[in-house]
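Please keep the sequence and the model in view while reading.

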Amino acid sequence: MKPGSWCSCGRCSKEKPWRTLDLFKEAKSAVDLTQAPLIVAIGRGIKAPENIPQAEALAKALGGEIAASRPICDEGWLPMERQIGSSGQTVAPKLYLALGISGAIQHVVGMKGARTIVAINKDSNAPIFEIADYGVVGDIFEIMPALTEALEKAKTS
Ligand SMILES: Cc1cc2nc3c(=O)[nH]c(=O)nc-3n(C[C@H](O)[C@H](O)[C@H](O)COP(=O)(O)OP(=O)(O)OC[C@H]3O[C@@H](n4cnc5c(N)ncnc54)[C@H](O)[C@@H]3O)c2cc1C
């Protein structure tokens, strides 16, 4: 059944459509990124949904929340509630780690209030570096797993 359509099982009445339950489920799983102290945000540099677990592993190792630029949410790779920017959430974490995000103004307005911004981008001219406190020119696919591994090692030693 498609979201927004009406149940035709015969047991549901028009007064009690399945859609109500679906919305309830969504609200229950909603995340409030405005309160997150640490955010790991991914952009189009992540390239494919299969790569998102690498960023999620890094977020977990840091104890942070995963978020994204609009194209990632538009593609349905992450839910809309995780979108940062003018048409998403406005956040102010202690640390905002931007992975493969160019730094378009519509994104920046949603995260420029972060206390510390760390950006990793393979393009040294990416606008995100203009607002980053720390910038790394490099490939996120090399840096994400190395950083996650180093954090995990540090935890166990
Ligand atoms: C009305 C309107 C509202 C909008 N609202 C929002 C909003 O709320 N939030 C939002 O984010 N956008 C919003 N946008 C879209 C915004 O203009 C940009 O298009 C979007 O932010 C770009 O997302 P991005 O940085 O992920 O992608 P891109 O601009 O494509 O940047 C991808 C970056 O990844 C880097 N990269 C690629 N591969 C690698 C790699 N292997 N390692 C490291 N770096 C790599 C590239 O160098 C590039 O800088 C809005 C646009 C409009 C018109």
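Isoleucine 131 counts as partly exposed because it has 16 C-beta neighbours inside 10 Å; a residue is buried with 20 or more other C-beta atoms within 10 Å of its own, exposed with 12 or fewer, and partly exposed in between, the C-beta atoms being placed from the backbone. The model is a predicted one, in which local features need pLDDT of at least 70 and side-chain atom pairs count only at pLDDT 80 or more, while totals for chains, interfaces and linings use all residues. Residue numbers start from 1 along each chain as its sequence is written.

Isoleucine 131 belongs to helix H5 (residues 128–131). Helices (H or I, at least four residues) and strands (E, at least two) are DSSP runs, numbered from the N terminus. Not counting residues up to four places away in sequence, isoleucine 131 touches Gly103, Val108, Lys112 and Ile117; contact here requires C-beta atoms, placed from the backbone, within 7 Å.

Two other residues can be described in the same terms. Leucine 99, in strand E3, is buried, as 26 C-beta neighbours lie inside 10 Å. Beyond four places in sequence, the contacts of leucine 99 include Val40, Ala41, Ile42, Ala55, Ile120 and Met144. Glutamate 81 sits in the loop between H3 and strand E3 (95–99) and is partly exposed, with 15 C-beta neighbours inside 10 Å. Leaving aside neighbours within four places in sequence, glutamate 81 is in contact with Ala30 and Val31.

The table lists C-alpha separations for these residues.

| Residue pair | Separation in sequence | C-alpha to C-alpha distance |
|---|---|---|
| Isoleucine 131 and alanine 119 | 12 residues | 9.0 Å |
| Glutamate 81 and valine 31 | 50 residues | 6.9 Å |
| Leucine 99 and phenylalanine 141 | 42 residues | 9.7 Å |

Lysine 47 has a positive phi of about 75° although it is not a glycine. The residue lies in the loop between strand E1 (38–42) and helix H2 (52–62). Lysine 47 is partly exposed, with 13 C-beta neighbours inside 10 Å.

The protein chain as a whole has 6 helices and 5 strands, in the order α-β-α-β-α-β-α-β-α-β-α along the sequence. Of its 157 residues, 32% are buried. Among contacts with a separation of 6 or more, 51% join residues 24 or more positions apart.

Helices H2 and H6 have axes that come within 9 Å and cross at roughly 30°; axes are lines fitted to C-alpha atoms, for helices over the stretch in contact, and angles run from 0 to 180 degrees between N-to-C directions. H2 and H6 are therefore roughly parallel to each other, a label for angles under 35 degrees. The contact is made by Gln54, Ala55, Ala57, Leu58, Ala61 and Leu62 of H2 and by Met144, Pro145, Leu147, Thr148, Leu151 and Glu152 of H6. By class, this contact has 9 nonpolar, 2 polar and 1 charged residues. Ala, Val, Leu, Ile, Met, Phe, Trp, Tyr, Cys and Pro count as nonpolar, Asp, Glu, Lys and Arg as charged, and the others, Gly among them, as polar.

The ligand is surrounded by 27 residues, the closest being Gly43, Gly45, Gly85, Ser102 and His107; a residue belongs here if its C-beta atom, placed from the backbone, lies within 6 Å. Helix H3 (70–74), helix H4 (105–108), strand E4 (116–121) and helix H6 (140–156) each give two or more residues to the shell. By class, the shell has 8 nonpolar, 14 polar and 5 charged residues.

How values were computed:
Parallel < 35°, antiparallel > 145°, perpendicular 65-115°, else oblique. Contact = placed C-beta atoms within 7 Å.
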